[in-house]
Amino acid sequence: MSLLIHSKVRRFIADPDIAIDQGTANTRLYARGRGLIADEPSVVELRPDTGEVGAVDGFDLQSRSLKPRLSLISPLRAGVVADVNAAAALLAPLFKRARRFGMVRPRVLACTPTDACVSERQALVEATYKAGAAAVVLAPEPLAAAIGIGMDVGSPYAQMLVDIGDGVTDIAIVRSGSLIKTSAMRVACSDLIAALRLMVREEHNVDLHPREALNVIRKVGAKPHGASSEEYFPAGTDCRTGTLRRVRVTGTEIFQVIAPVFLDIIGFVGKVVRDLPSDLSCEIIESGIHLTGGGVCIPGVAERIALETRLTVSPAKDPLHAVIKGARQMLAVGASTNIWETANGDSFMMSFA
């Protein structure tokens with residue numbers, strides 16, 4: 001009864017509970033009772049006059065989508081917080097956006113890769129507190145993604161999820177509401193973008209804009225026979241003049257530089273499947289692989305994983321929002337049980353039975 005009274009009182013005097021998916025490329029924030037509050041690039045602006053970092057509004061980001069971004073920095077690298085102050089500067093205005101004039105700061109459920117070490121988890125917790133959180137608990141991203149796509153995570157039979165994000169390829173085996181096996185590799189979509197940008201910089205002396213690089217990668221795809229002599233004209237900043245310039249590249253050229261990254265990702269998934277214990281392997285053969293993350297948006301990735309593993313691969317219908325959708329559901333359960341009272345901020349909430 002006391003927990004129920006505490007919950008009702010807090011609902012009136014506090015800001016809403018928040019779930020965040022702070023990724024290398026995008027940050028998504030859900031406020032309980034308010035819906036999806038933010039879904040925008042994970043970047044902040046470095047102010048040259050003071051050396052401080054601050055948030056960038058959405059309009060400004062759009063207006064500079066094809067202009068030099070020398071003042072924009074990302075607080076995250078390979079899926080984890082690399083700059084605590086910058087990560088806090090990114091989250092703080094989003095927390096304010098979710099406010100409803102509460103007198104108590106919000107409680108936060110934040111998602112993190114399964115391979116994040118103690119210091120990396122602590123960095124996320126610290127940034128979240130600096131942004132204005134009253135309490136923080138961490139949840140593993142692939143478990144949130146599994147819940148977000150509607151997997152029956154409470155099933156006694158093992159199921160496998162592969163989340164190919166911007167900075168991390170995260171693999172998890174879910175059974176009876178818990179992650180019973182995980183494996184992660186910090187090679188993902190951002191490495192595809194980096195490989196293409198390096199080639200364009202070396203051959204054309206142009207710093208290709210990341211969004212432009214991703215657009216052409218999605219057009220070329222992951223299949224070897226998909227590459228062709230078709231020409232693409234992505235835009236970037238001329239390294240000599242600082243002006244906007246488009247370069248001409250063919251599908252074949254693009255595929256040649258991104259193919260090694262695809263091989264790393266596909267090979268990693270294949271190795272995890274081959275190394276599974278026999279009991280898990282039999283169950284995964286039955287359920288197949290569920291695929292989430294930005295990698296799903298690249299044509300041919302699911303087919304190549306299926307070919308490598310000889311398993312059925314089911315791409316999520318909304319792969320980019322799988323984690324935040326699952327975090328939203330975890331938040332609802334967490335609020336009813338007040339997980340912030342029993343969990344340490346630097347600990348995973350591993351079970352969702």
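Q: Are aspartate 17 and arginine 107 buried or exposed?
A: Both residues are buried, a word that applies under 20% relative accessible area, with exposed meaning over 50% and partly exposed in between (1.4 Å probe, protein chains only). The model is predicted: local features need pLDDT of at least 70, side-chain atom pairs count only at pLDDT 80 or more, and totals for chains, interfaces and linings use all residues.

Q: What makes the pair of aspartate 17 and arginine 107 a salt bridge?
A: The term requires a side-chain nitrogen of Lys or Arg within 4 Å of a carboxyl oxygen of Asp or Glu; the closest N and O atoms of this pair are 2.9 Å apart, so the pair meets the cut-off. Helices (H or I, at least four residues) and strands (E, at least two) are DSSP runs numbered from the N terminus.

Q: How do you know that the disulfide count comes to zero?
A: A disulfide is a pair of cysteine sulfur atoms within 2.5 Å, and by this rule the count is zero. As for individual cysteines, cysteine 111 counts as buried because its relative accessibility is 3%, while cysteine 239, at 42%, counts as partly exposed.

Q: What makes the phi of alanine 78 and of serine 176 worth noting?
A: Most residues other than glycine have a negative phi. Alanine 78, however, has a positive phi of about 50 degrees, and serine 176 one of about 55 degrees. Alanine 78 sits in the loop between strand 7 (76–77) and strand 8 (80–81), and serine 176 in the loop between strand 12 (169–175) and strand 13 (178–185). Because its relative accessibility is 25%, alanine 78 counts as partly exposed, as does serine 176 at 35%.

Q: Why is threonine 169 called buried, and which backbone oxygen does its side chain approach?
A: Threonine 169, which lies in strand 12, has 0% relative accessibility and therefore counts as buried. A polar atom of its side chain lies 2.7 Å from the backbone oxygen of valine 187. Not counting residues up to four places away in sequence, threonine 169 touches residues including Ser183, Met185, Ile265 and Phe268, a contact being heavy atoms within 4.5 Å.

Q: What makes a group of residues a nonpolar core?
A: Such a core is a set of buried Ala, Val, Leu, Ile, Met, Phe, Trp, Tyr and Cys residues joined through side-chain atoms within 4.5 Å. The largest one has 49 residues, and Met160 and Ile289 are among those with the most contacts inside it. Helix 8 (residues 251–274) provides the largest share of this core, twelve residues. Apart from it lies another core of 26 residues, Tyr30 and Leu179 among them.

Note on methods. Residues numbered from 1 in each chain as written. Heavy atoms only, no water. Polar contact = N/O pair within 3.5 Å; in protein donor to acceptor, adjacent residues only side chain to side chain.
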